Amino acid sequence: MLRAAAAEVATRHAARLATSSLHGVFAVNKPPGISSAGLLDYLKRNIGLDSACFPFSEHFAREQNLRIPGTRLRRQRSMSQLRVGHGGTLDVEASGVLLVGINNGCQRLDSFLKGGKTYLANNCLGVETDSRDAEGHILKLSDTHDVTHKMINDALPQFVGRIQQKPPVFSAIKMGGKRLYEYARQGLDAPEEIKARTVLVDQITVTHFENPGRETSGRRVALPSEVSKYFAQGRYVWDGVRDMRVGEEMMGSANDPRLAKFQMFVRSGGGVYVRSLVHDLGMAVGCGATMLSLVRVSQGPLRLGRDTIDAEDLPYTDRVIRAMQHAESVIGRDEGLDQG
């Protein structure tokens, strides 16, 4: 046992030495169900350990346990001196491109925070929640019988360009030394008014619309298989009979086939809350709306799938190095095109 423990310490020490000289940025495909910070924690603890790493599936389960209301569990502090950061957080239930910086690469992340991003959002009409996504509690239910695809398209122009957007109360914005979501989870009001911000939305396209029994139009873009699987199980399972009620969590009704739903593609600058965009669009057509899932398809020139590695790749130094080299190549080509 002592020999095994000594071997583990030696392995981790060697990994720290090997990764201390890593510098750069790369893109990882963040799965839904884990926070951006939780994913970086896994990277920090396991990079360089290769096959001796802590399995990502077990880390994922631990991170899920941290989110249980009332839990006293805390994420243990990592002893690694590796500096890591990301170029724009993704909510826990969101997935897709997360730009990661290691050591000196963290200094380059600011430029990506303000840069262009594209998203694919699945949404429902007639439901408003406190978080503006399916994780929240239902505040209001509205009739969607008369809502059409055309009504949504007609409302889109007011949300394109430089617009004023009020961030949701469930957000990571700091106020009074705490994150806004900390006040919200404790049932407390924010210490001051949440002010609207100027953000840039370049394009919104409704790719698919369905109001059951009334209208279906467009073509739905398929989500990545792992994302579809996540949102079809666990807390998202609909029992086939459940009706939504004000005050309840929405998750268990997110897959209710009776809901009017629409899917949209968004191209925007930094700082845009897509779930607020969905909420405001729903209000514009008179019935409210809630975001059900969100995939970040691209950030800057880096695209999901083509330019990303998976969370399970993070412990392998060679895979991270290749991802850095690939990202530098893609970013370099994009900068060359801009200058040309």
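**A tour from the cavity outward**

The structure holds one cavity of 30 Å³ or more. A cavity here is a set of points, on a 1 Å grid over the protein atoms alone, where a 1.4 Å probe fits but cannot get out. This is a predicted model, in which local features need pLDDT of at least 70, side-chain atom pairs count only at pLDDT 80 or more, and totals for chains, interfaces and linings use all residues. Residues are numbered from 1 along each chain as its sequence is written, and side-chain values use heavy atoms, with hydrogens and water left out.

**Stop 1: the cavity.** Select Asp91, Glu93, Ala94, Asp133, Ala134, Glu135, Phe231, Tyr236, Met291, Leu292, Ser293 and Leu294; they line the largest cavity (lining residues have an atom within 4 Å of a point). Its volume is about 90 Å³, taken as the space filled by probe spheres set on the points, with grid points joined across faces, edges and corners. The lining has seven nonpolar, one polar and four charged residues. Ala, Val, Leu, Ile, Met, Phe, Trp, Tyr, Cys and Pro count as nonpolar, Asp, Glu, Lys and Arg as charged, and the others, Gly among them, as polar.

**Stop 2: the core.** Show Phe26, Ile102, Leu125, Ile152, Met250, Phe262 and Met264. These have the most contacts inside the largest nonpolar core, which has 70 residues. Such a core is a set of buried Ala, Val, Leu, Ile, Met, Phe, Trp, Tyr and Cys residues joined through side-chain atoms within 4.5 Å. Buried means under 20% relative accessible area, exposed over 50%, and partly exposed in between (1.4 Å probe, protein chains only). A second, separate core of 10 residues includes Leu99, Leu109, Phe112 and Ile331.

**Stop 3: helix α3.** Go to residues 56–66. Phe56, His59, Phe60 and Glu63 are the buried residues of α3. They cover an arc of only 100° around the axis, so they sit on the same side of α3; the arc is that of the directions from the helix axis to the C-beta atoms. Helices are DSSP runs (H or I, at least four residues), as are strands (E, at least two), numbered from the N terminus. What do the buried residues of α3 pack against? Their partners are α2 (36–46) and α7 (225–230). Ser57 and Arg62 are exposed on the face turned away from the buried side.

**Stop 4: helix α8.** Select residues 274–284. Eight of the 11 residues are buried, so α8 is largely enclosed by the rest of the structure. Just after α8, Gly286 takes a positive phi of about 90°.

**Stop 5: Arg220.** Find Arg220 in the loop between β11 (215–218) and α7. Not counting residues up to four places away in sequence, Arg220 touches Thr207, His208, Glu210 and Gln263 (contact means heavy atoms within 4.5 Å).

Technical notes: On a 1 Å grid over the protein atoms alone, a cavity is a set of points where a 1.4 Å probe fits but cannot get out, and a pocket is an open set with protein on both sides within 12 Å along at least five of seven lines; lining residues have an atom within 4 Å of a point.
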